[in-house]
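Please read the points below alongside the sequence and the coordinates.

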Amino acid sequence: MQVVGHSARLLRGPGGKNLYYTTNSVTLGGGESVDVIIDTTARLIYRDNVPIELTAREYSLVEFLAIHSGEVVTRSMLYDHLFDENDD
């Protein structure tokens, strides 16, 4: 699935970057450099301070993967998160 590959590239960084959580954001970076910021209040994602245009579903996927970083995420977990029974 193209969205999964694209989202994984957004979250993956060289040198084993760390995730930092605050009340309103998830930040992926290492040391003094910040690569990706996920603003969970505004539902926006920035890479190197440049906003990334994503659909609502793509944003939801990236946010879910970031929150579950370091955990095994199964296909069924992704499906349950991205699609509810009322989706067409």
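**Notes on the predicted model**

1. Confidence by element. pLDDT is the predictor's confidence in each residue, on a scale from 0 to 100, and a contact means heavy atoms within 4.5 Å. Where pLDDT is low, the predicted coordinates should not be read in detail. For the protein chain the mean pLDDT is 73, and 58% of its residues reach 70 or more.

2. Conventions. This is a predicted model, in which local features need pLDDT of at least 70 and side-chain atom pairs count only at pLDDT 80 or more, while totals for chains, interfaces and linings use all residues. Residues are numbered from 1 along each chain as its sequence is written, and side-chain values use heavy atoms, with hydrogens and water left out.

3. Overall fold. The protein chain has 3 helices and 5 strands, and from the N terminus on its elements run α-β-β-β-β-β-α-α. Helices (H or I, at least four residues) and strands (E, at least two) are DSSP runs numbered from the N terminus. Among contacts between residues at least 6 apart in sequence, 28% join residues at least 24 apart.

4. Surface and burial. The protein chain exposes about 6,100 Å², and carbon and sulfur atoms supply 51% of that area. Accessible areas come from the Shrake-Rupley method with a 1.4 Å probe, and for residues only the protein chains shown count as cover. Buried residues make up 26% of the 88 residues in the protein chain. Buried means under 20% relative accessible area, exposed over 50%, and partly exposed in between (1.4 Å probe, protein chains only).

5. Helix α2. This helix (residues 56-67) has 12 residues and reaches 16 Å from its first C-alpha to its last, close to the 16 Å expected at 1.5 Å a residue. The expected span is 1.5 Å times one less than the number of residues. Because 9 of its 12 residues are buried, α2 is largely enclosed by the rest of the structure. The buried residues of α2 are E58, Y59, S60, L61, V62, E63, F64, L65 and A66.

6. E63 is found in helix α2. Leaving aside neighbours within four places in sequence, E63 is in contact with I38, T40 and R43.

7. Backbone in the β4-β5 loop. Most residues other than glycine have a negative phi. D48, which is not a glycine, has a positive phi of about 50 degrees; D48 is found in the loop between β4 (44-47) and β5 (50-52). N49 is found in the loop between β4 and β5, and its phi, near 65 degrees, is a positive value in a residue other than glycine. At 47% relative accessibility D48 counts as partly exposed, whereas N49, at 65%, counts as exposed.

8. M77 is found in helix α3 and counts as partly exposed at 29% relative accessibility. Not counting residues up to four places away in sequence, M77 touches F64 and V72. The C-alpha atoms of M77 and F64, 13 residues apart along the chain, are separated by 9.7 Å. F83 lies in the segment after α3 and is partly exposed, at 29% relative accessibility. Its C-alpha atom is separated by 8.8 Å from that of R57, 26 residues apart along the chain.

9. Residue L54. L54 is found in the loop between β5 and α2 and is partly exposed, with a relative accessible area of 22%. The C-alpha atoms of L54 and L44, 10 residues apart along the chain, are separated by 8.3 Å.
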